[in-house]
Amino acid sequence: KIEEASRFTKPQKENLRNSISFMLKDSIRIRQILKNIKEEYQEVIILRYLNDYSLQEVAELMDKSYGAVRVLVNRSLRALKRELL
């Protein structure tokens, strides 16, 4: 709410602006990196972490077993990590 925003001190507002800016830059970078990994890895990362689905929900959406999705999530995260380094 606008009324609540006016209750922040000047340093708090600046910290909030910096945090939002950092998150947006980070989000853009992650989306760029996602383009460099396998399509299946992209899908599982987006469903699990950006759309906040449970592993079971991801499994159902991707028509895979729960165990297969767990493995896929781990491989996807490793692929992202390699791209980040």
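Which pattern does the chain follow, read along the sequence?

1. It goes α-α-α-α-α. Keep in mind that this is a predicted model.

2. Some whole-chain figures to start with. The chain has 85 residues, and 20% of them are buried. Take the contacts with a separation of 6 or more: 44% of these come from residues 24 or more positions apart.

3. Now have a look at α3, which covers residues 39–50. Its twelve residues reach 15 Å from first C-alpha to last, close to the 16 Å expected at 1.5 Å a residue. Y41, V44, I45 and L47 are the buried residues of this helix. Just past the end of α3, you'll find D52 with a positive phi of about 60°.

4. Helix α3 packs against α4 (residues 55–62), with an angle of about 135° between them and their axes 10 Å apart. The crossing of α3 past α4 is right-handed.

5. Who makes that contact? On the α3 side, look for E40, E43, V44, L47 and R48; on the α4 side, L55, V58, L61 and M62. By type, the residues of this contact split into six nonpolar and three charged, with no polar ones. V44 and L47 are worth a click, as they turn up in the contact with α4 and also among the buried residues of α3.

Methods
Residues are numbered from 1 along each chain as its sequence is written. This is a predicted model: local features need pLDDT of at least 70, side-chain atom pairs count only at pLDDT 80 or more; totals for chains, interfaces and linings use all residues. Side-chain values use heavy atoms; hydrogens and water are left out. Axes are lines fitted to C-alpha atoms, for helices over the stretch in contact, and angles run from 0 to 180 degrees between N-to-C directions. Helices (H or I, at least four residues) and strands (E, at least two) are DSSP runs, numbered from the N terminus. A crossing is left-handed if the near helix is turned anticlockwise from the far one by less than a right angle, and right-handed if clockwise. Contact means heavy atoms within 4.5 Å. Ala, Val, Leu, Ile, Met, Phe, Trp, Tyr, Cys and Pro count as nonpolar, Asp, Glu, Lys and Arg as charged, and the others, Gly among them, as polar. The expected span of a helix is 1.5 Å times one less than its number of residues. Buried means under 20% relative accessible area, exposed over 50%, partly exposed in between (1.4 Å probe, protein chains only).
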